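Please keep the sequence and the model in view while reading.

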Amino acid sequence: MQTLAERLIYLMENLDMKQTELAEKVGISKQSLYKYLHCQCEPRAEIIARMAITLHTSADFIVGLTNDSSPIVRDASAEELAGEEHAFFSKYKKLSKEDKIRIEERINMLLE
C-alpha cells in the first residue's frame, strides 16, 4: 500500500465501512471522498485527522509515514469532556497511585 487511496480503502475494508458512511462520519461530500480514493486530489490535514479518528488509525499511517495501522489510543481531551468531567480528571491525575486505587474501588462499589 503506497498511496493514500490504497490505505483508505484498506482501512474501510477492515472496518466493513462503505464510502458513503466514511464521508458522512468525516463530514465531507461523497464527491470529495471519491476524488481522494481515485488520487485526483489530496485531503487537507484537518480531514486526514478526522479520517484517522473515524478509521481508528493514525494520520501517519494514512499519509504513509508508517506502515503500522494499529488503532491509536486517544486520551480524553478537554474538548471531549464536559467542564465538570475535565475538572474531575485533572484532580484525579494529581492523586497518588494508592489514592487512585481507592477511587477505582469506590466507583466499582457504587456501580454494583
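Which side chain has a polar atom 3.1 Å from the backbone nitrogen of F61? The side chain belongs to S58. The model is predicted.

## The loop residue S58

S58 sits in the loop that connects α4 and α5. Its relative accessible area is 16%, and S58 is therefore buried, the cut-off being under 20%. A polar atom of the S58 side chain lies 3.1 Å from the backbone nitrogen of F61.

## Helix α1

Helix α1 spans residues 4–14, and its buried residues include L4, A5, R7, L8, L11 and M12. These residues lie on the same side of α1 because they cover an arc of only 165 degrees around the axis. The face turned away from that buried side carries E13 and N14, which are exposed.

The cover over the buried residues of α1 includes α2 (19–26), α3 (30–37), α4 (45–54) and α5 (59–63). After α1 comes D16, with a positive phi near 50 degrees.

## The nonpolar core

Nonpolar side chains tend to be buried together in soluble globular proteins. In this model, the largest nonpolar core has 19 residues. Those with the most contacts inside the core are L8, I28, L33, Y36, M51, L55 and I62. At least two residues of this core come from each of α1, α2, α3, α4 and α5.

What does L33 touch, leaving aside its neighbours within four places in sequence? L33 is in contact with Q19, L22, A23, I28 and M51. Of these partners, I28 and M51 are also among the core residues with the most contacts.

Terms used:
Residues numbered from 1 in each chain as written. Predicted model: local features only at pLDDT ≥ 70, side-chain atom pairs only at ≥ 80, totals over all residues. Heavy atoms only, no water. Buried < 20%, exposed > 50% of the residue type's maximum accessible area, 1.4 Å probe, protein only. Helix = DSSP H or I, 4+ residues; strand = E, 2+ residues; numbered from the N terminus. Arc of directions from axis to C-beta. Contact = heavy atoms within 4.5 Å. Core = buried A, V, L, I, M, F, W, Y, C linked by side-chain atoms within 4.5 Å. Polar contact = N/O pair within 3.5 Å; in protein donor to acceptor, adjacent residues only side chain to side chain.
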